[in-house]
Amino acid sequence: MEKLKSQAASTENVFLFVPNIIGYVRVALALAAFAAMPWSPVAATGLYLSSALLDAVDGYAARTLSQSSKFGAMLDMLTDRCTTMCLLVNLSLLYPRCALLFQVSMALDVSSHWMHLHSSILTGSASHKSVGPASSPILQLYYTSRPVLFVMCAGNELFYCLLYLHQHCSGPSVLGVGAVPLLLFLTAPVCLLKTLISCVHLVSASSHIAALDAQERKRRS
């Protein structure tokens, strides 16, 4: 029986796991969103947010179907980083005076996650979302509480989408204020907090890697 299970596992095609297929759909939706941005703001925003929301669906599918994979985790992270970066490039064109802020945000987002990923690999963590008791309390809350993780990621993406949409419309009026600027005001603190978490990511991961360097040098001496 164990041999049959082993043979069945060896014939699995990781590329066709359900959560990975959802990941491909995310990429397709994001590409469609960027293609639509010059001529259809509402459609572009809907497509982009659909891609972002599927980020929660693929994780649920991976856990429910026992189809978690290293490829899927990498696909998920790269899709998140690349789609956000492409949106920020668009925002840099729409808000040229704020281009430096968007560039810093891109650099911080990519570098913090890259450093955190390599720190997780070097310390032997099963996943970049696994944090030990020695990690920052902020990162422990961020990665162990799914509601917190969802609110931070969804709020951050929604803020940037609303910035894009704000250049084209203000949305329906709510108490005399456009829905888009109102939602911008509500999601701005989430975006700021997500940026601070990225800073913690970068500092914490850098400290872990530097500590590993120190241990290796001590063993060699």
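Student: Is S198 buried or exposed?
Tutor: This is a predicted model. In it, S198 has a relative accessible area of 4%, and under 20% counts as buried, so S198 is buried.

Student: Which helix is S198 found in?
Tutor: S198 is part of helix α8, which covers residues 179-220.

Student: And what is S198 in contact with, leaving aside its neighbours within four places in sequence?
Tutor: L108 and S112.

Student: New topic. How do the axes of α4 and α5 cross?
Tutor: Helix α4 is residues 70-94 and helix α5 is residues 99-122. Their axes come within 8 Å and cross at roughly 170°. Angles over 145 degrees count as roughly antiparallel, so that is how α4 and α5 run relative to each other.

Student: Which residues make that contact?
Tutor: On α4 they include M74, M77, R81 and L88. On α5, F102, M106, D109 and H113 are among them. The residues of this contact divide into eleven nonpolar, four polar and two charged.

Student: What about α2 and α3, how do their axes cross?
Tutor: The axes of α2 (residues 18-36) and α3 (residues 41-64) come within 8 Å, crossing at roughly 170°. Therefore α2 is roughly antiparallel to α3.

Student: Who makes the contact there?
Tutor: From α2, the residues include V18, P19, I22 and R26. From α3, they include L47, Y48, D55 and D58.

Student: And how do those residues divide into nonpolar, polar and charged?
Tutor: For α2 with α3, 18 are nonpolar, two polar and three charged.

Notes. Residues are numbered from 1 along each chain as its sequence is written. This is a predicted model: local features need pLDDT of at least 70, side-chain atom pairs count only at pLDDT 80 or more; totals for chains, interfaces and linings use all residues. Side-chain values use heavy atoms; hydrogens and water are left out. Axes are lines fitted to C-alpha atoms, for helices over the stretch in contact, and angles run from 0 to 180 degrees between N-to-C directions. Helices (H or I, at least four residues) and strands (E, at least two) are DSSP runs, numbered from the N terminus. Angles under 35 degrees count as roughly parallel, over 145 as roughly antiparallel, 65 to 115 as roughly perpendicular and the rest as oblique. Contact means heavy atoms within 4.5 Å. Ala, Val, Leu, Ile, Met, Phe, Trp, Tyr, Cys and Pro count as nonpolar, Asp, Glu, Lys and Arg as charged, and the others, Gly among them, as polar. Buried means under 20% relative accessible area, exposed over 50%, partly exposed in between (1.4 Å probe, protein chains only).
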